[in-house]
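Student: I would like to go through this model and ask what stands behind each label. Can we take it step by step?
Tutor: Gladly; here it is.

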Number of protein chains: 2
Amino acid sequence: MPAQLSEADRLGLETAYLEAKRGYEEGGIPIGSCLVHHGESGKPKVLGKGCNMRVQKESATLHGEISALENTGRLKAGVYRGSTIYTTLSPCIMCTGAILLYRFPRVVIGENRNYVGGEELLKKNGVEVVVVDDERCKELMERFIREKPEIWYEDIGEETPK
Amino acid sequence: MPAQLSEADRLGLETAYLEAKRGYEEGGIPIGSCLVHHGESGKPKVLGKGCNMRVQKESATLHGEISALENTGRLKAGVYRGSTIYTTLSPCIMCTGAILLYRFPRVVIGENRNYVGGEELLKKNGVEVVVVDDERCKELMERFIREKPEIWYEDIGEETPK
């Protein structure tokens, strides 16, 4: 993890990674996410977290970010706008849309080597996008894609390559 | 409802509307959705349906379309690509992203007078967008926004206008 990450970023990325790891250990797709709010005190607070639940809940919509948003529950618009969303993998277009809907000002992405989602659309809409290029996130995701490619491709709406 | 709607479109829109109506009767946001697959026999089949569950499940992600996708469960990529998604209201950017993720070729929208979501992004990505301008969908949504504006604005990540 690059040394220049703030305390909040270390907390957010570590929380997201642990969610991804938990997902992997449950037999699921190892993508984790969390929301960190920057309170008035300046102390970062994890509002909620989650991991991809395609396998565990037979879910077509609970990607890491959607899962984190769902587990966090209902919030007023202003809370999202004072928060950063962390995700271990570049957000797909659905999760990109969720980030834009709630107008998060900033997204921190563990890695985008295994998949590149809607980063350009986020930037075009004024969202700050930080890609950490984290080794642990990369290795975990790469391992899953190698082990269970058909589940991974299903998750991104694609046919498994022959 | 315009006379030129096909049998599949009438089925899809009616199913989505009944979901919206059910949501309203449960005290929720009246937006409904469903997926209709066009099988080889040519006979349309409703794969799944759902309505916005913000109120009923305290959910930040179960918009009408996400709810329909979630209730439908896991599908192979090809099934989405042979289906139409119906929604009573123009899809927000999160639901637009979900439609793009799964590459639905076609979206049928009950109305877009009360809200306009990501229609342009859908078209730009080659999705056929049909807006029916259905009176029942419009009236039900308009009534809800008038009755519970703070819940509606929360649902689209905005502050309630003063």
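Student: Where does B:Pro30 lie in chain B?
Tutor: This is a predicted model. B:Pro30 sits in the loop between α1 and β1 (32-38) of chain B.

Student: Why is B:Pro30 called buried?
Tutor: Its relative accessible area is 2%. Buried means under 20%, so B:Pro30 qualifies as buried.

Student: Which residues does B:Pro30 contact, leaving aside its neighbours within four places in sequence?
Tutor: The contacts are B:Ala20, B:Tyr24, B:Thr88, B:Leu140, B:Met141 and B:Phe144. B:Ala77 is another matter: 47 residues from B:Pro30 in sequence, and 29 Å away in space, C-alpha to C-alpha.

Student: What makes α1(B) roughly parallel to α7(B)?
Tutor: Helix α1 (residues 7-25) and helix α7 (residues 135-147) of chain B pack at an angle of about 20°, and their axes are 10 Å apart. Angles under 35 degrees count as roughly parallel, so α1(B) is roughly parallel to α7(B). The crossing of α7(B) by α1(B) is left-handed.

Student: Which residues of α1(B) and α7(B) meet?
Tutor: From α1(B) come B:Glu14, B:Tyr17, B:Ala20, B:Lys21 and B:Tyr24. From α7(B) come B:Arg136, B:Cys137, B:Leu140, B:Arg143, B:Phe144 and B:Glu147. By class, this contact has six nonpolar, no polar and five charged residues.

Student: What makes up the contact of α3(B) with α5(B)?
Tutor: B:Glu65, B:Ile66 and B:Leu69 of α3(B) meet B:Met94, B:Cys95 and B:Ala98 of α5(B). Five of these residues are nonpolar, none is polar and one is charged.

Student: Are A:Cys95 and A:Cys137 buried or exposed?
Tutor: A:Cys95 has a relative accessible area of 0%. A:Cys137 has 4%. Buried means under 20%, so both are buried.

Student: Why is A:Gly42 called exposed?
Tutor: Its relative accessible area is 55%. Exposed means over 50%, so the label holds for A:Gly42. A:Gly42 is in the loop between β1 (32-38) and β2 (44-51) of chain A. A:Lys57 is 15 residues from A:Gly42 in sequence and 36 Å away in space, C-alpha to C-alpha.

Student: What makes the phi of A:Arg103 worth a note?
Tutor: Most residues other than glycine have a negative phi. A:Arg103 is not a glycine, yet its phi is positive, about 55°. A:Arg103 is in the loop between α4 (93-101) and β4 (106-111) of chain A.

Student: Why is B:Arg103 called partly exposed?
Tutor: Its relative accessible area is 41%. Buried is under 20% and exposed over 50%, so B:Arg103 falls in between and is partly exposed. B:Arg103 also has a positive phi, about 55°.

Notes. Residues are numbered from 1 along each chain as its sequence is written. Chains are lettered from A and ligands numbered from 1 in the order in which they are written. This is a predicted model: local features need pLDDT of at least 70, side-chain atom pairs count only at pLDDT 80 or more; totals for chains, interfaces and linings use all residues. Side-chain values use heavy atoms; hydrogens and water are left out. Buried means under 20% relative accessible area, exposed over 50%, partly exposed in between (1.4 Å probe, protein chains only). Axes are lines fitted to C-alpha atoms, for helices over the stretch in contact, and angles run from 0 to 180 degrees between N-to-C directions. Helices (H or I, at least four residues) and strands (E, at least two) are DSSP runs, numbered from the N terminus. Angles under 35 degrees count as roughly parallel, over 145 as roughly antiparallel, 65 to 115 as roughly perpendicular and the rest as oblique. A crossing is left-handed if the near helix is turned anticlockwise from the far one by less than a right angle, and right-handed if clockwise. Contact means heavy atoms within 4.5 Å. Ala, Val, Leu, Ile, Met, Phe, Trp, Tyr, Cys and Pro count as nonpolar, Asp, Glu, Lys and Arg as charged, and the others, Gly among them, as polar.
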